[in-house]
Amino acid sequence: MTAAIAITDPSLILPVVDTLGIFVFGVTGGTVAVRHRLDMFGVVVLAMATALSGGVARDVLLGALPPAALTQPHYLWAALASGFAAFFFHKQIERLGKPVLVLDAMGLGLFAVAGCRKALDFGVDPLAAALLGMLTGVGGGILRDVLINETPRIFSEELYASAALLASVIVVVGHLYGAPGAPVSALAIIAAFLLRIVSWRRGWRAPRAPGS
Amino acid sequence: MTAAIAITDPSLILPVVDTLGIFVFGVTGGTVAVRHRLDMFGVVVLAMATALSGGVARDVLLGALPPAALTQPHYLWAALASGFAAFFFHKQIERLGKPVLVLDAMGLGLFAVAGCRKALDFGVDPLAAALLGMLTGVGGGILRDVLINETPRIFSEELYASAALLASVIVVVGHLYGAPGAPVSALAIIAAFLLRIVSWRRGWRAPRAPGS
Amino acid sequence: MTAAIAITDPSLILPVVDTLGIFVFGVTGGTVAVRHRLDMFGVVVLAMATALSGGVARDVLLGALPPAALTQPHYLWAALASGFAAFFFHKQIERLGKPVLVLDAMGLGLFAVAGCRKALDFGVDPLAAALLGMLTGVGGGILRDVLINETPRIFSEELYASAALLASVIVVVGHLYGAPGAPVSALAIIAAFLLRIVSWRRGWRAPRAPGS
């Protein structure tokens, strides 16, 4: 736990950024809930589900139970706070618009990297680790949309899940080649962020099936 | 397993009431299925999913696997029976109306208390235990509504999840202060019951977001 | 791992057929995704979710974590391949029509048998094992329909889940009477297949609730 470790080992930096990511994801869930005119309780529940379920799904699949969301209370508090933030400040948040998109794109890569690293630590196969990383990034958004009874947006939006997958793949490739963790993680987060933002600005989409 | 333990330790009384709670929850799921004109199989499946999934989600998150629903067959049989009860007696059940609501409100607090206690026994953080208790109470209803392709009712109905949360919070506070389990559990179940029933009769709802 | 074992122990044959089953289930999910005009990414994700989630749910409930889908990469690759097959060849697949239904009916019984056997190996109660087998067979299709925002087809189609349950029940009964595994498994798969195909051709359905 010395400073030297903190600098070389990204797993000691991630919890802080992770908590930020949870908050940002939660805010997106809470804002959707307000738009659907849910009451305070529904807003907070949907925010928490959005914020935590990607990581919870990852931990359940890894057998890392109880999941981090239940054993590290600051995750829960961050998720709770995001719900109340969305409830009371949804107007200001909606007005932000682009900043939320930007933060969400950062959270996406971050969650994917953290999820993928944890999977590799548990010794799962590289392909499985990449998919688990992606699931960690997009899982919360999927549950949010299912609960609100909409087709998950990741199925229709610009390269969203692809960005999470890109981050995961970079981490896996770095891992296979024994590259140092911190710079690879940073690269993965930046790459996911850029892919997401650029695809959003230019309306890039993955191709549709031929003749569909 | 002596009588003295049975009286002081609520965990030995709960299985019986638990089984009742499973049956009641299952009946609500099966009745919804009949209303959606599902066939016998769909009715039984939806009843079982409604009856068991709150507890299953709790056990999965706690890592208490296989979940109680799979290791203690009387839970499965109660869920199965609830499906057939709904299938054959849905008219009588719909006519009951209020009694079902009353039983459901009892089951809600009961499940929340049982879920919260189990989480505390597993040593999870108090906030996490309270949320797991709530999830145990409302999880079945959420899955029921997702499967039937509706927005989960807990997002729109009178203080439903709030009642489950209240029961959990009472248990957690009692636990933190070292209060004896049985009376605290009873108090929690009664409080959840009253909050649910009164909020339903008076149409109480949690507030909406300002300006939403 | 000798040939003699391979012949008498169905668990050594199943992985091969399992992989086929995953591919076929995945193709059904991917084809639905193309019909909903999802992009390539959505098609692959939905195919993988359909192919793998029945088995994943089974493994989560059994506490067999990480699930087989994550520890045995050929399952993942088969699921991935099914998504791309659906994406590029959806027209040919749609034209096949009946062959897909036939393959799907084979996969259904197969998954149910494999799921039920694994549950029995983990020592769960016979009723629970039968239900877990059914869940393994139908879980993927349920998640597919929930993600695409439709009422799960198993709730409305001809005897689909019933066929999976039949296969499971045969395995459980054989297990209780100590019958040899391989012929019982074969019988179960054939019975499920026939029930599904015949019910589909004749439009058999489970009864609706009286007066619903």
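This is a predicted model: local features need pLDDT of at least 70, side-chain atom pairs count only at pLDDT 80 or more; totals for chains, interfaces and linings use all residues.
Just past the end of α8(A) comes A:Gly178, with a positive phi of about 65°.

Now turn to chain C. Two packed helices are described by the angle between their axes and the distance between the axes. Here the pair is α8(C), residues 161-176, and α9(C), residues 181-202. Their axes come within 8 Å and cross at roughly 160°. An angle over 145 degrees counts as roughly antiparallel, so α8(C) is roughly antiparallel to α9(C). The crossing is right-handed.

Which residues make the contact? From α8(C) come C:Ser162, C:Ala163, C:Leu166, C:Ala167, C:Ile170, C:Val171 and C:Gly174. From α9(C) come C:Val184, C:Leu187, C:Ala188, C:Ala191, C:Ala192, C:Leu195 and C:Arg196. By type, the contact holds 11 nonpolar residues, 2 polar and 1 charged. An α-helix has 3.6 residues a turn, so residues three or four places apart point the same way.

One residue of this contact deserves a second look. C:Arg196 sits in helix α9 of chain C. Is C:Arg196 buried or exposed? Its relative accessibility is 2%, so C:Arg196 counts as buried. Leaving aside residues up to four places away in sequence, C:Arg196 touches C:Leu101, C:Ala105, C:Glu157, C:Glu158, C:Leu159, C:Tyr160 and C:Ala163.

Definitions and conventions: Residues are numbered from 1 along each chain as its sequence is written. Chains are lettered from A and ligands numbered from 1 in the order in which they are written. Side-chain values use heavy atoms; hydrogens and water are left out. Axes are lines fitted to C-alpha atoms, for helices over the stretch in contact, and angles run from 0 to 180 degrees between N-to-C directions. Helices (H or I, at least four residues) and strands (E, at least two) are DSSP runs, numbered from the N terminus. Angles under 35 degrees count as roughly parallel, over 145 as roughly antiparallel, 65 to 115 as roughly perpendicular and the rest as oblique. A crossing is left-handed if the near helix is turned anticlockwise from the far one by less than a right angle, and right-handed if clockwise. Contact means heavy atoms within 4.5 Å. Ala, Val, Leu, Ile, Met, Phe, Trp, Tyr, Cys and Pro count as nonpolar, Asp, Glu, Lys and Arg as charged, and the others, Gly among them, as polar. Buried means under 20% relative accessible area, exposed over 50%, partly exposed in between (1.4 Å probe, protein chains only).
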